[in-house]
Amino acid sequence: MHRTYKDLPSEPVAMQSTEDIITGTWRSIRPVVNEDKCIRCYMCWKYCPDMSIIVEKEGDYPTVDLDHCKGCGICSNECPRGAIKMQREVL
Amino acid sequence: MIDDPVNKHYKFTIPREDLMTPGHSACPGCGEPLALRYLLKALGPRTVINLPAGCAAIIPGVWPRYSLKVPLVDHAFECTAAVSSGIRAALDKKGVEDVTVVGWAGDGGTVDIGLQALSGAVDRSTDFLYVMYDNEAYMNTGIQCSGATPCGAWTTTTPGGKHIQKRHDKKPIMEMMIANGIVYGGTVSVAYPEDFIRTIRRAKSIKGPKFIHAYSPCPSGWRMDPRKAIEVSRLAVRTGMFPLYEFQEGRYRFTKEIKKRKPVEEYLRLQGRFKHLTPADVAEVQALVDREYEELEAKVEAGRR
């Protein structure tokens, strides 16, 4: 992409989003949503520090973006109905 | 945590749009990307952020990748508010009025290192918003004690044990800034996002120097389970360790009033950094928190009259 210094931009500007960094590899436990227990309060979406709980539109059940979820477990701790369980990753 | 009201209408209680992308380099369970996310939700895309060295300099990502959708200026440790002043002056010269300038610094970069620049910018009545995210030590360099480290906490420079190194409480940064002449001051916590966004929006609507003190948990530095990060932040508010209030036009007001405070022991026992505290030490911390909370209550009461 950048072969010589002439290919670099003239000032330090960020050109790419961090979305292509796969932080999901940091994870040792993964959240699993139980849709039978979920009441769609979106507490998990609200408290996710990695923007990894995805709700397409109001009324949908939350899904987990496993490419970026770091497995901190905040969603499972904050869920008022215990609908999110943390499961050990299997290699 | 069932005691918080649960929204039964499948509605979002905070703005939907995120001005931050996933893939940033914060530790799992860190409160700071959460605070940045709420801040940008409240302010919208017409914002310029400037930040010094600290965790905040790393979290947006390593060049050429970047996780925020607003412009950012990175600079030396001690000049957050000075750089904000410069950005504001440049925008004024260009005739741009609808852009909010945000200085975003950590507790070390505010109460210790950046204090004179902040004091100067407030003195010049720069129209900017200064946010201090408080994780109660120099976390980025490896958990050294800062002016905002609470009484009794373990850090690598204040080891725990029989003799507690830090017996006094945090620097009263909000009082210092109020005495310095800010037009608006407020404390916010990541455990109360609706209150967070309301406070930031109120600050945005006022012209002049504004100061926000944001509580941001740090699981790696506080030696706790990352999943407890929000629970600990909520307990900090409920025990009175970190009361949520605002200051405007000479009056104090609680934004989240706690009628019956919980004992601080519940908060302390969730964190490994307070593991060495004996029951007598816990009583000392409780007395300190009680005294400070009562002083604040008296100020709020004086503002009501």
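**Ground rules.** I am working on a predicted model: local features need pLDDT of at least 70, side-chain atom pairs count only at pLDDT 80 or more, and totals for chains, interfaces and linings use all residues. Residues are numbered from 1 along each chain as its sequence is written, and chains are lettered from A and ligands numbered from 1 in the order in which they are written.

**The A–B contact.** I looked up how many residues each chain gives. Chain A brings 34 residues and chain B brings 33. Next I checked the elements of chain A involved. I used DSSP runs, numbered from the N terminus: helices are H or I with at least four residues, strands are E with at least two. β1 (16–17), α1 (43–47) and α2 (74–78) of chain A each supply at least two residues to the side that touches chain B. α2(A) gives the largest share, four residues. I then sorted that side of chain A by residue type: 14 nonpolar, eleven polar and nine charged. Here Ala, Val, Leu, Ile, Met, Phe, Trp, Tyr, Cys and Pro count as nonpolar, Asp, Glu, Lys and Arg as charged, and the others, Gly among them, as polar.

**Strand pairing across the chains.** I call two strands paired if DSSP finds at least two bridges between them. β1(A) and strand β2 (residues 65–66) of chain B run parallel, joined by two bridges. I found Gln16(A) opposite Arg65(B) in β2(B).

**Chain A overall.** I noted two helices and five strands. Their order along the sequence is β-β-α-β-β-α-β. I took the radius of gyration over C-alpha atoms, with a globule rule of 2.2 Å times the number of residues to the power 0.38. Chain A has 18 Å, whereas a compact globule of 91 residues would be near 12 Å. Its C-alpha atoms fill a box of roughly 55 × 35 × 15 Å along the principal axes. For burial I counted other C-beta atoms within 10 Å of a residue's own, all placed from the backbone: 20 or more is buried, 12 or fewer is exposed, and in between is partly exposed. In chain A, 37% of the 91 residues are buried.

**Chain B overall.** I noted ten helices and nine strands. The radius of gyration is 19 Å, close to the 19 Å that the globule rule gives for 305 residues, so chain B is as compact as a globular protein of that length. Of its 305 residues, 49% count as buried.

**Strand β1 of chain B.** Five of the five residues of β1(B) (residues 47–51) are buried, so the strand is largely enclosed by the rest of the structure. I checked both faces. Thr47(B), Ile49(B) and Leu51(B) lie on one side, Val48(B) and Asn50(B) on the other, and all are buried. Four bridges link β1(B) in parallel to β4(B) (residues 100–106). Thr47(B) partners Thr100(B) there. β1(B) also pairs in the parallel sense with β3(B) (residues 72–74), over three bridges. In β3(B), Asn50(B) has Val73(B) as its bridge partner.

**Helix α7 of chain B.** I listed the buried residues of α7(B): Pro193(B), Phe196(B), Thr199(B), Ile200(B) and Ala203(B). Seen down the helix axis, they fall within an arc of 130°, so they line one face of α7(B). The arc is that of the directions from the axis to the C-beta atoms.

**Glu284(B).** I placed this residue in helix α10 (residues 279–304) of chain B. Glu284(B) is partly exposed, with 16 other C-beta atoms within 10 Å.

Technical notes: Contact = placed C-beta atoms within 7 Å.
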